[in-house]
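Please read the points below beside the sequence and the model.

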Amino acid sequence: MYCIVDVETTGGVKGPSRLTEIALIRHDGRQVVDLFHTLLNPGCLIPPFICRLTGITNAMVQNAPTFDTVAPEVQRITQDAIFVAHNVGFDFGFLRKELNWAGHEFLRRTLCTVKLSRKIFPGLPSYSLGNLCQSLSIPVSDRHRAYGDAAATVQLFELLLQNDRRGLIPRPWPAPTLLTS
């Protein structure tokens with residue numbers, strides 16, 4: 001099982017920055033099987049630069065849940081799944097930080113679609129999500145929003161699975177056994 005993740009934040013992983021939006025899409029290697037998406041109230045002001053980049057405003061998150069109230073759902077949907085994200089260190093680092101603040105430990109195996117894309121689709125001009133999607137004809141809507149970027153990453157991940165000739169991506173299902181007589 002995989003869980004494709006994207007988050008939007010008030011800043012970088014280090015320091016007091018908080019989440020403003022999260023999208024988690026559980027995938028069994030063939031199709032999407034579960035989804036969780038919500039805006040989050042970060043408990044602080046969103047910097048103007050971030051508002052311009054994401055389109056998420058302080059007014060939009062004013063009545064949104066805080067992370068600690070959705071932490072059990074984050075734990076549930078990511079449980080027993082490989083955590084997949086485009087630049088996985090950022091998304092995983094943020095979720096681990098927020099879960100730790102909420103009193104939860106967060107250990108998951110991770111896969112980075114940036115690193116996988118460089119190995120499976122070598123020679124492309126750029127491996128940023130937007131440029132990669134353009135190169136591979138993956139439609140993207142709501143760029144720099146958690147659900148839009150996560151949905152595009154699902155399509156990218158499915159292409160990576162289809163083109164993984166070297167077995168770089170761990171498969172959640174057992175390999176077929178050979179019958180011997």
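In what order do the five strands of the open sheet stand?

1. The order is β3-β2-β1-β4-β5, and the pairing is mixed. Strands (E, at least two residues) and helices (H or I, at least four) are DSSP runs numbered from the N terminus, and two strands pair if DSSP finds at least two bridges between them. β3 (32-39) and β5 (110-112) are at the edges with a single partner strand each, so one side of each has no neighbour in the sheet. Neighbouring strands are turned by 20 degrees against each other on average, direction ignored.

2. On the origin of the values: this is a predicted model, in which local features need pLDDT of at least 70 and side-chain atom pairs count only at pLDDT 80 or more, while totals for chains, interfaces and linings use all residues. Residues are numbered from 1 along each chain as its sequence is written, and side-chain values use heavy atoms, with hydrogens and water left out.

3. β2 (19-27) pairs with β1 (2-9) in the antiparallel sense over eight bridges, and Tyr2 has His27 as its bridge partner.

4. β4 (residues 82-85) and β5 pair in the parallel sense over three bridges, with Ala85 opposite Cys112. Helix α5 (residues 113-120) packs on the sheet and touches β4 and β5 (contact means heavy atoms within 4.5 Å).

5. Helix α4 (residues 88-101) also packs on the sheet, touching β1, β2, β4 and β5. Its buried residues include Val88, Phe92, Leu95 and Leu99, and their cover includes α3 (67-78) as well as β1, β2, β4 and β5. Just after α4, Gly103 takes a positive phi of about 90 degrees.

6. The largest pocket holds about 360 Å³ of space. A pocket here is an open set of points on a 1 Å grid over the protein atoms alone, where a 1.4 Å probe fits, with protein on both sides within 12 Å along at least five of seven lines; lining residues have an atom within 4 Å of a point. The volume is the space filled by probe spheres set on the points, which are joined across faces, edges and corners. Of the 17 lining residues, Asp6, Val7, Glu8, Phe90 and His144 lie nearest the centre. β1 gives the largest share, four residues.

Methods
Axes fitted to C-alpha atoms, helices over the stretch in contact; angles between N-to-C directions. Buried < 20%, exposed > 50% of the residue type's maximum accessible area, 1.4 Å probe, protein only.
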